[in-house]
Amino acid sequence: MKLSAFLPAFEIFSARPIRSLVLAAAVIAAVPQMQASLLRNYDLNGSLADSLGGNALTANGGTLGATGYTFGANQGLTLTGTGLANLGEYSIEMRVKLDSLRAFSGSPWIKLIDFKNLTSDDGLYSFDTDGNPNGTIVQFYPIGGTLDSFTPNQFANVVITRDGTTKQVVTYVEGFGQFSFTDFSDRAVFSNNIIHFMRDDAATGFGEAGSGSLDYIRIYGNALTANEVANLPAVPDAASTLGLLGLALAAFVGVRRMVAVRR
Ligand SMILES: [Ca+2]
Ligand SMILES: [Ca+2]
Ligand SMILES: [Ca+2]
């Protein structure tokens, strides 16, 4: 049990802009731009391997499926040997779905990323007091966070960036900047070159963990800009991308047919 470092005075509903219309263009345009700093690419499509040849993730009891990794509480994934030249400079992107906004223990906190090899309560969490998506916070505990709708059973793209020089940390959900702070205490610097996803720490008795699914994880060697994060492809998997291009092609064919009918 811990107190929130950031308790909103009120909850507001903020609708996110619909990005689907520009999705196809984003997939095509954004992928090449991001290759430069992309160090690790885990699509989690039937494999825990890094498509870029780095260390594979380690499972902790969850189930690897054709398109993602399904986990119970504390059954997330671990990466040992991050590939980062600087453990305090990175961007981490994960597409994750939570079954519930409550941890298995009933806690309103669910740890998304652990930075200190499960020894510290610090880290990136989902926090929500009432289980209702309104007012959900993706929060870097104990610093703070900002309201966003992290809806149960719905995938969300979560990104955290840290600049090793300025120590600036920024968190995003669905491509939009959520919260930033200067990490003077190096809370978001990885210890032991290990990243834990969806696993709580010993400091809170591993109680702040939930169940859900991971679609993919990507690790970049630098702090992406807000513009770069906003343009990250929302559908990164090869199969999904092909499906998306197929839809775009079908729409194009449909337009041609309409033109043909008019003639
Ligand atoms: Ca914790
Ligand atoms: Ca809520
Ligand atoms: Ca996937």
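Two strands are taken to pair if DSSP finds at least two bridges between them. Helices (H or I, at least four residues) and strands (E, at least two) are DSSP runs, numbered from the N terminus. The structure is a predicted model, in which local features need pLDDT of at least 70 and side-chain atom pairs count only at pLDDT 80 or more, while totals for chains, interfaces and linings use all residues. Residues are numbered from 1 along each chain as its sequence is written, and chains are lettered from A and ligands numbered from 1 in the order in which they are written.

The chain contains three helices and 15 strands. Of its 263 residues, 40% count as buried, a residue being buried if 20 or more other C-beta atoms lie within 10 Å of its own, exposed if 12 or fewer, and partly exposed in between, with C-beta atoms placed from the backbone. Contacts (C-beta atoms, placed from the backbone, within 7 Å) were also counted. Among contacts between residues at least 6 apart in sequence, 65% join residues at least 24 apart.

Strands of a sheet pair through backbone hydrogen bonds, either parallel or antiparallel. An open sheet of seven strands, paired in the antiparallel sense, has the order 2-5-14-7-8-9-10. Its edges are strand 2 (58–59) and strand 10 (144–147), each of which pairs on one side only. Within this sheet, strand 7 (residues 109–114) is antiparallel to strand 14 (residues 194–197), with two bridges between them; D114 is placed opposite H196 of strand 14. Strand 7 also pairs with strand 8 (residues 123–127), again antiparallel, through four bridges, and here I113 faces L124. Six of the six residues of strand 7 are buried, so this strand is largely enclosed by the rest of the structure.

Strand 6 (residues 90–98) is likewise largely enclosed, because eight of its nine residues are buried. Strand 6 runs antiparallel to strand 11 (residues 156–162), to which seven bridges join it, and antiparallel to strand 15 (residues 212–220), to which eight bridges join it. I92 is opposite I160 in strand 11 and has I219 as its bridge partner in strand 15.

The largest nonpolar core has 54 residues, of which L112, I113, V158, F197 and L214 touch the most other members. Such a core is a set of buried Ala, Val, Leu, Ile, Met, Phe, Trp, Tyr and Cys residues joined through C-beta atoms within 7 Å. Beyond four places in sequence, the contacts of L112 are V96, L124, Y125, S126, V158 and M198.

Several loop residues were examined individually. F150, in the loop between strand 10 and strand 11, counts as buried because it has 24 C-beta neighbours inside 10 Å. F150 is 14 residues from T136 in sequence, with a C-alpha to C-alpha distance of 5.7 Å. When neighbours within four places in sequence are left aside, the contacts of F150 include L98, L101, S126 and T136.

The peptide bond from Y141 to P142 is cis, with omega near 5°; P142 belongs to the loop between strand 9 (137–141) and strand 10. L118, in the loop between strand 7 and strand 8, has a positive phi of about 65° although it is not a glycine. L118 is buried, with 20 other C-beta atoms within 10 Å. D186, also not a glycine, has a positive phi near 55° and lies in the loop between strand 13 (176–182) and strand 14. D186 counts as partly exposed, with 15 C-beta neighbours inside 10 Å.

Note on methods
Contact = placed C-beta atoms within 7 Å.
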